[in-house]
Amino acid sequence: MDLIAPLFRQGFFGPDTSMVVAFIIGFGFGTALEKAGFGNARKLTAQFYLHDMAVYKVMFTAVVTSMFLTQAAAAMGLLSFERLFVPPTYVWPQIVGGLLLGVGFVVGGYCPGTSVVSVASGKLDGMVYVLGFFAGLAVFPFVFDAVGEFYSAGSLGVITLFDFLPVHPLLLSAAFVAVAALSFVGVVRLERWASTRWPYLRY
């Protein structure tokens with residue numbers, strides 16, 4: 001039984017409100033990022049100097065929270081996991097894309113989401129960053145034929161970590177929560193060490 005998806009299709013929220021719901025969720029998410037300081041490139045790049053690992057803590061918390069709650073909802077019959085959209089895996093282009101995103105993050109100080117948040121708060125560097133990835137989107141169709149074969153290289157279809165490990169999804173999610181908690185203890189110590197080792201790199 002799936003009690004959640006019908007609300008968004010034609011139940012409580014009505015048949016034509018998916019964009020409204022998406023806007024409300026996006027606005028709330030953007031507001032939370034700005035309040036957390038993630039609309040500031042200096043805050044974001046501080047993680048690369050190991051002085052402030054807030055981005056790591058927040059994103060890992062978001063991952064394990066959504067993982068655990070999704071599996072818990074599925075176990076209780078509140079959500080059908082099969083209804084969730086999972087993008088297909090293309091090993092090689094996604095590895096290269098991840099590396100390019102990482103380089104862009106280090107150089108520009110933002111990821112795509114946080115750059116939009118910075119634009120909303122009027123930051124000029126964020127505006128330049130957003131113009132950059134819109135320029136990339138504009139150019140990509142013209143070079144797609146040249147990279148089209150690589151674009152779908154290493155296709156594995158729709159797979160998840162739960163397909164690889166013979167562990168109950170809820171138990172595996174709980175294990176990730178424990179790993180996250182332990183890693184947070186480690187990164188706090190890392191922050192203290194980096195502040196002592198390289199105090200001149202503090203933003």
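Axes here are lines fitted to C-alpha atoms, for helices over the stretch in contact, and the angles between N-to-C directions run from 0 to 180 degrees. I start there since helix packing takes up much of this talk.

This is a predicted model, in which local features need pLDDT of at least 70, side-chain atom pairs count only at pLDDT 80 or more, and totals for chains, interfaces and linings use all residues. Residues are numbered from 1 along each chain as its sequence is written, and side-chain values use heavy atoms, with hydrogens and water left out.

First, confidence. pLDDT is the predictor's confidence in each residue, from 0 to 100. The protein has a mean of 85, with 90% of residues at 70 or more. Confidence is highest in strand 1, residues 89–90, at a mean of 94, and lowest in helix 1, residues 5–9, at 49. Residues 7–12 have pLDDT below 50, and this stretch makes eleven contacts in the model beyond near neighbours in sequence; contact means heavy atoms within 4.5 Å. Where pLDDT is low, the predicted coordinates should not be read in detail.

Next, the layout. There are nine helices and two strands; these are DSSP runs, H or I of at least four residues for helices and E of at least two for strands, numbered from the N terminus. The order from the N terminus is α-α-α-α-β-α-α-α-β-α-α. Of contacts with a separation of 6 or more, 68% join residues 24 or more positions apart.

Of the 203 residues, 24% count as buried, where buried is under 20% relative accessible area, exposed is over 50% and partly exposed is in between, with a 1.4 Å probe and protein chains only.

Which residues make up the largest nonpolar core? The ten are L33, F38, A41, L44, A54, V55, F105, Y110, V117 and Y129. Apart from neighbours within four places in sequence, L33 touches F38, G39, T114 and V117.

In the loop between helix 3 and helix 4 sits L50. L50 is not a glycine, yet its phi is positive, near 70°. At 22% relative accessible area, L50 is partly exposed.

Now the packed helices. Helix 4 packs with helix 9, residues 169–197, at about 165°, with the axes 9 Å apart. That angle makes the two roughly antiparallel, a word used for angles over 145 degrees, with under 35 roughly parallel, 65 to 115 roughly perpendicular and the rest oblique.

S173 is buried, at 0% relative accessible area. M67, in helix 4, is also buried, at 18%. With the same exclusion, M67 contacts F162, S173 and F176. M67 and L172 lie 105 residues apart in sequence, but their C-alpha atoms are 9.4 Å apart.

Last, helix 6 (residues 112–120) and helix 7 (residues 124–151) pack at about 130°, with axes 8 Å apart. Helix 6 is therefore oblique to helix 7. At this contact, P112, S115, V116, S118 and V119 of helix 6 meet G126, M127, Y129, V130 and F133 of helix 7.

How values were computed. A nonpolar core is a set of buried Ala, Val, Leu, Ile, Met, Phe, Trp, Tyr and Cys residues joined through side-chain atoms within 4.5 Å.
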